[in-house]
Amino acid sequence: MNETIDQLIQARFDRVADPTDGRDWSDILARAGSVEVVRRRPRPARVLVAAAAVLALASTAVAFGWPGAVIDFFNAPPAPESVAQFFETFNQAVPRGGPKNATVGEAREVMTAMFDANSFTGTHQTEHTLYVAPRSDGGFCFIWTDAGGGCADPFDPSAGPSGPGGRFGASWYEGDYATATDGYVRNPVHTVEARFADGTSVALPITWVSAPIDAGFFVYAVPPEHLTTSNALATVVALDANGDATDTQFVGVANPLDRDVPQTLPDGTKISLPRRAQAAEAREAFSFRTTSGDRAYLWVMPRTGGGTCYVYGTGAGGGFGCPSPHQLSLEPAINGDEHAGGVYFAHVKPEVAIVELRYASGQTERVTPVDGFVLHEMPAAPHLATVVALSDTGKAIFTQNEKGP
Amino acid sequence: MESTAAAIEVLYRHRYTRFRNGVAPIVGSYEAAHDAVQEGFARALRASGQYGGRGSLEGWVWRVVLRTALEQRRKDADDLPLEELDLSFVEPERDLALTDAVRSLPPQRRLVVFLRYFADLPYRTIAEALEIDTGTVAATLAQARDALAVILDEEGVRL
């Protein structure tokens, strides 16, 4: 029960968190003074399975007919000291659930690959090397240098497909679209496919690493021609030996215009809004102090593609929206609600000249929309009963009954 | 020295966003949070020789970053201790119910909640970062979770 609540709460926090990336390690080095941090060995380009470690086939792989490259873990090149320390970090910075105990001294090099993990544009492919370290409990940890990594619990066939002990883990590097994906598989996953929004797909090479790892690793740099809404990477799918899809990771493809990005309103306020909201052109339709002293405001701005975007705050909350003209056409003449703190917000259609707020006490207030919006502080203990839209001739054209007190 | 510095780098590369989002409620904006995280990591890097391996590296870096954020906040606001700061979401309009639920918590509990759910920190690291008992963290989160669950329930979310 608590886990479910925890997950729900986590999902809510994830939704309000700012997902944009602002990492700049060089800035930290500059602030700290010159500190030599990590030495990375130059490597030839493209996915190169560490040649010395590729064996014809290793025992575990043979057992289920592994079709791809196989690396004998203990014959693979040991990780350099600086990389071994990465795994020490996993031990120290374990996300959840207790110590992971990556066996730092046993970290081995698996392969190198070129992909874009840091610019998120897909245009700055750099070399990354995969290192894997076993864990004392039978799991493993892995890291792609200068990119990302993770840990997997001991394989548990009864675990969910993509849980910590599951058979399939995939992640991706993402700007407007996914620029690369990497992950691991365990028996019985046989094949991994990258599937695109246009219905095409490509099978990804998997490099199997023998015991004690007993897992296959893949990485795929999404080609530039698959960096548009219509053909971006949409899912990463695991298939069994029969070619049946067993697990799917949904990457999700959104129009870049609908992605939230940090924007600045004309008064200097920083706020995350969809890219299609033209924040620089925003106008403040409402701005007033509520009786509790909070600032209430509403900004409206042009929407790329037509329509209007808005953002408002009442001191006790607020909201934002970017409805398309089509979405707007489906809304009633008044689409509003009262907020905590006694502020009424509504988005109204152009034919609405006056919004009449009728309270349970019999009191009535009339508010004139500005740019299609109303933001109004109601009287104390308002008990709003009905909202009526009036035309410019005073004719009631829509009535919205509100919840009672 | 170098190995700790390397570990700090990988911690930064993996968890920058969580650091920034976790610090944002203290300093009031994501921009200021970025600056606090950058400065905090720079300080941690300079002082990496002082990390003696007691407790997790992440907990130690969090302490440095939180201290940096608090200093930044004090430049602009009252000289309040961390546990008395009025922490809230940078963009409350993103989720009004969640904002209300978090604001219903005492200020000293909110940071624990932010570190848990924004920074995704385990109890132990939260305890290390705030220099409080793990049991206190667990109790605080249990109370916070109950309060948040009530709000979600009132919204009709099935629990």
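In which order do the 4 strands of the open sheet in chain A lie?

1. The order is β11-β10-β14-β15, and the pairing is antiparallel; here strands are DSSP runs (E, at least two residues) and helices are likewise DSSP runs (H or I, at least four residues), numbered from the N terminus, and two strands pair if DSSP finds at least two bridges between them. The edge strands of this sheet in chain A are β11 (201-204) and β15 (245-250), each of which pairs on one side only. From one strand to the next the twist averages 25°, where axes are lines fitted to C-alpha atoms and angles run from 0 to 180 degrees between N-to-C directions.

2. This is a predicted model, in which local features need pLDDT of at least 70 and side-chain atom pairs count only at pLDDT 80 or more, while totals for chains, interfaces and linings use all residues. Residues are numbered from 1 along each chain as its sequence is written, chains are lettered from A and ligands numbered from 1 in the order in which they are written, and side-chain values use heavy atoms, with hydrogens and water left out.

3. The pLDDT, which is the predictor's confidence in each residue from 0 to 100, averages 78 in chain A, with 80% of the residues scoring at least 70. Over residues 34-64 of chain A, however, the pLDDT is below 50, although this stretch has 79 contacts in the model beyond near neighbours in sequence; contact means heavy atoms within 4.5 Å. Residues 93-100 of chain A also have a pLDDT below 50, and that stretch has 21 contacts beyond near neighbours in sequence.

4. Within the sheet, strand β14 (residues 233-239) of chain A pairs with β15(A) in the antiparallel sense over 5 bridges, and A:L239 has A:A245 in β15(A) as its bridge partner. Elsewhere in the list of pairs, strands β27 (residues 384-390) and β28 (residues 396-401) of chain A also pair in the antiparallel sense over 5 bridges, with A:T386 opposite A:N401 in β28(A). The hairpin of β27(A) and β28(A) has 5 residues between the strands, and in it A:G394 takes a positive phi near 85°.

5. In chain B, B:R20 belongs to helix α1 (residues 2-27) and is buried, with a relative accessible area of 3%; buried means under 20%, exposed over 50%, and partly exposed in between (1.4 Å probe, protein chains only). Leaving aside neighbours within four places in sequence, the contacts of B:R20 include A:D18, A:D21, B:Y30 and B:V37. Among the buried residues of α2(B) are B:Y30, B:A33 and B:V37.
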